[in-house]
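This briefing is meant for a reader meeting the structure for the first time. The sequence and the model come first, and the main points follow, grouped by topic.

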Amino acid sequence: MKFFKKTTVKDKKTREADSVISKDINKNITRLKEDFAHDSDLVVHYFKLENNRGLICANIYIKSLVDRSTINSLSIELEKLKCDCPDRKSVINIDGLMDYFSGVREAKEGLDYETLCTDLLSGNTVFLIDGCEKYLAVSAGSDEGRSVEEPSSQTVIKGPKDGFTEKINSNILLIRKRIKSKDLKVEYLCAGSITRTTISLMYIHKIAQDEIVQEIRTRLNKIEIDGVLESGYIEELIKDDRYSVFPTFLSSEKPDSVAGALLEGRVAILVDGTPYVLTAPALMIEFLQSSEDYYHHYIISSMMRFLRLLAFFLTLLVPATYIALTLFHQEIIPTPLLISIAAQREGVPFPALMEALLMEITFEILREAGIRMPRAIGSAVSIVGALVLGQAAVEAGIISAAMVIVVSITAISSFAVPNYEMSNAIRLVRFILMLMAGVFGLYGILMGLIVLILHLCKIKSVTVPYLTPIAPKVKRESQDTLFRFPLWKMKYRPIGISGTDAARTGESNPVNSSQKEKQELR
Amino acid sequence: MKLRRFLFIFTVLQILFFTGCWSSHEVNTLGITVCIGIDKTENGYLVSKQIINPRAIASDKATMESPIVVYTTEVNNMAEVSSRFMTQVSRKINDSHLRLVVFSEAVAKEGIQNVLDYFARNHEFRTDYYFVVARNATAKEILGILTPIETIPGVDMYNSLNMSEKEWAPIKTIRIIELVSSIMADGKNPVLMGIEISQNKTSPKSTEVLKQSGEYKLLKYSNLGVLSNDKLVGWLDEDESKGYNYITGNVKSTVEHVYFDEVKITSMTTKVKSSTRVYLLENKPAIEVKIKIRQNIRSVEGSFDIISEENKQILNEMFAGKVKSSCEKALNKMQKELRTDVFGFGEAIHRKYPKIWKKIKDDWNDKFSNLPVNITVEVETKQLGEITKPLFMKEEE
């Protein structure tokens with residue numbers, strides 16, 4: 001936007017003149033060749049229709065972007081066209097070509113030089129005809145890329161195992177296949193002044209709230225950046241509270257969970273080139289839920305949710321509590337346990353806080369190294385890690401055995417939090433809480449938790465408070481918060497997120513009540 | 001704006017580095033006290049503290065060191081204790097895990113009021129430790145004795161007191177809140193458990209001796225000490241202690257036996273319920289104590305048909321008589337000899353007839369010794385055990 005503001009009237013005029021395709025085909029081609037100078041990928045192929053007589057035509061494409069076999073079959077079709085041409089005098093123009101190709105291929109016309117370039121760069125092959133101010137773009141993009149595979153970051157035991165890929169079209173297909181409704185809307189946008197990345201917005205009309213869709217659309221249109229390479233870019237640019245470490249967009253690799261989100265009235269943002277699809281509004285509680293929750297028996301799922309919540313608090317609080325108790329509140333620890341801790345800590349040279357930080361940081365380094373390492377060396381990391389973290393440190397008397405247990409519990413619990421970004425956020429908060437505990441004891445942990453909760457209450461995900469339905473309290477939503485109610489009990493979509501069509505089943509729509517409650521939320 | 005942000009961060013950092021931590025102590029800089037012993041000296045008290053030696057307990061590094069160290073210091077009053085100990089011990093004394101306070105008989109006889117004030121006032125103490133009185137030994141001696149199985153004597157004594165109260169009728173535990181409130185209450189006096197050294201050949205002062213089992217001195221609980229207000233006035237023997245616990249309803253389960261001719265029959269009490277009722281007898285308060293016991297038969301040593309309803313009835317009555325005699329023995333001793341109301345009868349009268357209580361309050365000890373107390377015991381035998389008739393009973397045809 002800034003760029004356009006700076007342009008003067010004079011600039012605009014010259015730009016307009018520039019953007020028109022010239023009637024002279026050679027002029028156009030020279031211009032293209034100038035623009036694409038040093039780019040040996042550009043292929044310009046001249047030919048004449050009507051048995052090599054008549055108007056000069058050009059077929060232009062970028063070698064690496066197009067599929068060779070498509071180009072081959074196109075040229076065969078062109079040859080056929082030459083032979084088929086019964087009336088030698090008939091003037092073949094762009095419209096004629098268009099009619100010919102549109103039957104079998106995705107073809108479109110254009111007038112603008114800039115769009116011509118974009119079409120070329122999107123993998124189309126472009127036809128120019130001398131004396132014609134139009135061009136014809138025929139889709140010939142190569143379909144290279146990963147095929148649909150099982151997602152690597154979100155594995156499930158029960159449930160669909162297909163995952164998104166880097167190709168936006170195949171991703172949309174995966175969602176469309178699941179929701180066969182004419183109300184499922186797909187809007188295309190473009191972001192990144194250089195990368196021109198395709199972004200698509202998906203939502204179900206009426207089930208999604210219009211205001212939220214509009215809000216996301218406006219925010220996406222406002223994006224100013226040179227390139228978008230991953231959906232993380234989008235999240236960071238359109239987030240409500242940009243300083244918060246907590247994710248307010250749920251990124252998912254699984255089409256079924258995105259479809260589930262769409263059915264709850266959420267909006268999905270797909271970015272070309274990444275298998276991670278964002279859904280918003282994303283609430284705190286969603287990050288502790290898994291798509292598998294809905295595929296298992298509801299009592300089992302509820303139990304799993306409690307387990308995850310427990311893991312969430314364990315990973316947040318265990319090291320901090322251990323530090324606080326052993327440093328400040330020894331009287332709280334049961335006598336036998338205290339004696340055992342005292343015996344273990346005998347001869348440990350570090351203060352408890354240092355010991356905890358040392359172990360936690362070692363673990364974080366190991367975890368980070370394990371991710372970045374080539375797979376072949378991965379086992380080496382775990383061997384060294386197990387030895388360093390576990391045995392050697394304890395045997396050498398540098399670290400107490402109790403601390404190893406604390407760190408292990410924390411680590412295991414952090415893996416039980418289903419969302420990677422959320423578990424990263426908690427990891428950061430955990431370190432702050434550990435410092436607070438080391439300085440102020442339980443009092444410090446409480447202070448830290450108060451600040452944390454205040455922060456969580458403050459942030460929003462696309463105008464929806466992050467902690468709904470806990471704060472603000474929405475009673476009806478408790479059906480799908482900590483407990484997972486049986487599906488036949490979940491009659492309504494979440495308030496504050498879903499639009500006018502709030503009833504899941506065919507029952508009467510509680511429009512009035514839901515709107516009333518919605519107003520209370522605001 | 002920039003300055004304000006800088007100041008904000010600066011203040012936050014100050015919080016981190018300049019305050020806080022003032023009460024923080026690493027666990028390995030603490031001396032954890034498990035037992036305190038208080039003896040009498042001419043100028044004040046001789047206080048001993050049993051402190052854990054964590055290095056000796058660490059499981060992976062077995063040492064020949066003693067698991068505890070007993071430090072002793074003489075003080076004028078209890079408040080000096082912690083500070084005086086610092087001259088001997090390299091670690092901060094932490095009293096919050098205290099398990100047992102042992103008074104010597106001399107201290108208990110002189111009165112424990114002043115000592116208790118210290119224990120009740122100090123915030124470091126939890127309230128879950130027990131008070132006991134050392135019999136025929138000084139508190140310091142008691143603290144110095146090592147125990148087998150549980151390496152830390154304080155914990156061992158605490159656990160055995162805890163367990164035996166549930167399993168054996170003469171035992172009574174008392175914690176600080178109950179002790180203080182029954183000293184302060186009108187018409188009620190506390191009892192303290194006695195602890196003594198059972199005489200064996202050697203005293204295990206080092207772990208070396210513990211290697212020979214059964215050849216060393218052990219600690220054991222016996223007899224209840226009766227306090228009049230805060231002063232020890234006398235001891236109840238085992239039978240009387242039992243009686244005391246039956247009357248106050250403090251028996252959870254215990255073992256009783258009776259002789260029927262030559263046959264010894266033992267029962268396990270499973271449930272005891274006792275209720276104290278105050279009523280007026282010729283305008284003077286009187287007490288009725290009802291004790292209901294439910295029991296199972298544990299052993300029959302001889303020929304006795306316990307299946308017959310008739311015999312069962314006889315058994316019940318015999319057991320009831322046994323319990324009743326214990327109770328009466330305890331009552332007699334309290335009323336006639338020690339003249340102290342440890343049963344809380346005064347309190348019961350206070351609750352029911354406050355006006356009468358006001359009149360008799362001042363010379364309650366005299367009134368108590370003449371108080372008519374009527375004890376009734378009901379025994380119900382529930383189960384006869386896995387077998388019915390005694391194993392070697394001869395069938396008579």
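Predicted model: local features only at pLDDT ≥ 70, side-chain atom pairs only at ≥ 80, totals over all residues.

**Briefing on chains A and B**

In chain B, which has 397 residues, buried residues make up 37% of the total.

**Chain B**
- The secondary structure of chain B is made up of 13 helices together with 13 strands.
- The C-alpha trace of chain B, taken along its principal axes, spans about 100 × 60 × 60 Å.
- When the contacts in chain B with a separation of 6 or more are considered, 72% of them are accounted for by residues 24 or more positions apart.

**Chain A**
- Chain A has 522 residues, of which 34% count as buried, and its secondary structure includes 19 helices and 12 strands.
- Of the contacts in chain A that link residues at least 6 apart in sequence, 64% join residues at least 24 apart.

**Where the chains touch**
- On the side of chain B, 23 residues are in contact with 19 residues of chain A.
- Two elements of chain B, strand E1 (30-40) and helix H2 (54-57), are the ones that give two or more residues to the side touching chain A.
- Of the elements of chain B, H2(B) gives the most to that side, with 3 residues.

Note on methods:
Residues numbered from 1 in each chain as written. Chains lettered and ligands numbered in written order. Helix = DSSP H or I, 4+ residues; strand = E, 2+ residues; numbered from the N terminus. Buried ≥ 20, exposed ≤ 12 C-beta atoms within 10 Å, placed from the backbone. Contact = placed C-beta atoms within 7 Å.
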